[in-house]
Amino acid sequence: MNIVNTAILDPTTGWLILAAFSALWIALGWYFGRNTQQLDDYVLAGRRVGLALGTATIMATWVTSNTTMAAPQLALQMGVWGMIGYSLGSVGLLMFAPLARRIRRLMPSGYTSGDFVRLRYGNFAWRVFLLISLFYSLGWLVSMGMAGGILIHALTGIPYHYGMTVILSICVGYTLLGGLRAVIGTDFIQALLILSGAVIIAVLAIRQIGLDTIHAAVLAERPELLNLLMPASIMFLFNNLLFGVGEIFHSNVWWSRAFAFREGVGFRACLLAGLLWAPIPIVAGFIALATPALGLNVPAADMVGPMVAAQILGTTGAVLVLIMVFAALSSSLDSLLAATSILVVEDIYRRHLKPEATAVQMRRATARIIVGLGILTWILCAPRLTTLAELLYFTGAFVASTIWPVAAGLFWRRANSAGAIAGMILGSAAGLYSYFAVGFYVAALVGAAVSMTLVIAASFLKPERFDFGNLQEIHPRESKPVSGGL
Amino acid sequence: MIISTTAFAWLVGVALVLTIAAPIILLGLLIADWKKGRLW
Amino acid sequence: MLTNPALAGDVQLESDTDVATAGYFQLRWIADSKIELQESRSASFEAVRVVYAGSDAARVISGKPDGDWYYRAAATNGDFSNPVKVTVRHHPVERALGYFVVGLIVFLTTLLLIISGARDREQSPAGLRKRI
């Protein structure tokens, strides 16, 4: 839908910036990816990542284009609590800190969240979980791809399909080259770009317009956005919190980091990353509230962020936003590609198709699947079906239903498979129903609540006595097995 | 219940200060890790 | 409403929803020229406020309080589009607080599970108990 008739940057400038950063990420991807022939180096960065890189990668990955584009959108639609509610997405990171520590401790040779669910709850629960996980991963990938196309179009006029293709190809490229090390290495730089961009845009906006003027103009034109009792926004608060918790608790994006970090790093990295991430939706979101003060028309809610930045700051602002959101997109896309590919390789390729797969074969398969995921994402992005926030929130019911199966599975011996399965299936169903019956801003909450009730009930009706030692597994063989033992 | 101008300013201001501190913290940690050889 | 046959120069206006439960909706229009988007509290458009004037093809309206809101788009030649009515009906505050409380309970229970589980040595596998 090309309803923007006035892009601030010209396509040539857009292409130049894209080309420059693309070259940078690919070069870094190649550089960081030297010596990643071993499976554990390629998919888990050698399992020794330190606190600085660990914190930065978590923070940067959780800053998606959604943080920079959906946060303003939510501020425009849901007002102040929309913005603050988005910040509550940091709670997922904070709460994951003890989980990251426990995962590393219980499964030092683990690869995926799927490994955990399989060992903890058995095959049926595992497959339900995989369905949810892959559905969510694909949804997230598609929302990133779409965001790239939309953003580039809004800022430079470059057609949606070109921008979307460029972003997907570049991320596939450097993730392919360097695996998780490339991902984590580039994430650090991308984190700095994201933070700097957000600060510069916000500071310049405040200096140019003033917070008081913004407040007064919103009050005159869109008063309910400042209402702290706006019902939909209140409903949104815990929904967003639980959605974030669900995303983080189940997704292999975060589990792969738990496995990749040096022991002792995971807990602090998650806490610090959560704290550093929390203010970003507010810094990025509040500029959407400047639209009345600017007299700016917003044709579609998902464009408001870049449009306002470009309006306030002109060419410089548009360039900043382009760089910043490109960084946010790349830092999430690369993580997603890496983590989803290892999930597919470990849980589908190895566990379903080729149980005797060696580490070498798995590494090769991972590379192929990264490319395959890129292509699949491209195909799904091409028709451009819905606005960003709604696409992502559609997955909310599903992921929130995994919170209790995962958390109780890790911390509660009495949690059993029946509870986990019922929680995931019925939680998702209930959440999905409420998505359509009430609104996108309650789906995750309902899914989580129903799931929690079922897990708790099942655990008291038929308590399990799980031995957490059963979560330890051996590595895949480095080469073809010889008859006999390892 | 409309958020007051002051509260709004505080909300954005505090968020901004934290976001300014963030890259400094990250770089500090990076240097510390590097010196100890515990980067990755 | 649409009694005029479609002619070149006709302006068409539509909203993405008839009832807005969160105070926001998107208006879209098709017109040959720049338009002026007018808003009124009455179906007869007695007192009119110009909300937007320009050449974009859509506008996001948000932050509206409860009530019926009427819109029409005016082309530069004076033609008006079909009128569009959007009813803003926010969720009742009690319902919102109900969801808030449920969310709070789920959040706190989950937190409790994690904190107590992380502390409880009973939950450690035998081999790791000495280390933790």
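Of the two pairs of chains in contact, which chains share the most contacts? Chains A and C do, where two residues are in contact if their C-beta atoms, placed from the backbone, lie within 7 Å.

## Basis of the model

This is a predicted model, in which local features need pLDDT of at least 70 and side-chain atom pairs count only at pLDDT 80 or more, while totals for chains, interfaces and linings use all residues. Residues are numbered from 1 along each chain as its sequence is written, and chains are lettered from A and ligands numbered from 1 in the order in which they are written.

## Chain A with chain C

In this interface, 47 residues of chain A touch 44 residues of chain C. On the chain A side, two or more residues come from each of helix H4 (65-78), H6, H11, helix H20 (403-411) and helix H22 (443-461). Helices (H or I, at least four residues) and strands (E, at least two) are DSSP runs, numbered from the N terminus. H11(A) gives the most, with nine residues.

By class, this side of chain A holds 34 nonpolar, seven polar and six charged residues. Ala, Val, Leu, Ile, Met, Phe, Trp, Tyr, Cys and Pro count as nonpolar, Asp, Glu, Lys and Arg as charged, and the others, Gly among them, as polar.

## Chain A with chain B

Chain A puts 35 residues into its contact with chain B, and chain B puts in 22. Helix H3 (51-62), helix H9 (160-209), helix H10 (211-221) and helix H14 (280-285) of chain A each give two or more residues to the chain A side. The most come from H9(A), with nine residues. The classes on this side are 25 nonpolar, six polar and four charged.

Chain B itself has one helix and zero strands. Along the principal axes, its C-alpha atoms fill a box of roughly 55 × 15 × 10 Å. Of its 40 residues, 25% count as buried, that is, with 20 or more other C-beta atoms within 10 Å of their own, placed from the backbone. Chain B and chain C are joined by no contact, and their closest C-alpha atoms lie 12 Å apart.

## Domains of chain A

Chain A is assigned domain 1 (11-387) and domain 2 (395-468); the bounds come from an automatic or database domain assignment. The domain centres, taken over C-alpha atoms, are separated by 25 Å. Between the domains, 26 residues of domain 1 are in contact with 25 residues of domain 2.

On the domain 1 side, helix H6 (90-106), helix H7 (113-121), helix H8 (123-156) and helix H11 (231-250) each supply at least two residues. H11(A) has the largest share, twelve residues. This side has 18 nonpolar, five polar and three charged residues.

## The sheet in chain C

Chain C contains an open sheet of three strands in the order S1-S3-S6, with antiparallel pairing; two strands pair if DSSP finds at least two bridges between them. S1 and S6 are the edge strands, each pairing on one side only. Neighbouring strands are turned by 15° against each other on average, direction ignored; the axes are lines fitted to C-alpha atoms.

Four bridges link S1 (residues 12-15) and S3 (residues 25-30) of chain C, and Gln12(C) stands opposite Ile30(C) in S3(C). S3(C) is also joined by four bridges to S6 (residues 58-61) of chain C. In S6(C), Ile61(C) is the bridge partner of Phe25(C), and Ala58(C) is the bridge partner of Arg28(C).

Note on methods: A residue is buried if 20 or more other C-beta atoms lie within 10 Å of its own, exposed if 12 or fewer, and partly exposed in between; C-beta atoms are placed from the backbone. Axes are lines fitted to C-alpha atoms, for helices over the stretch in contact, and angles run from 0 to 180 degrees between N-to-C directions.
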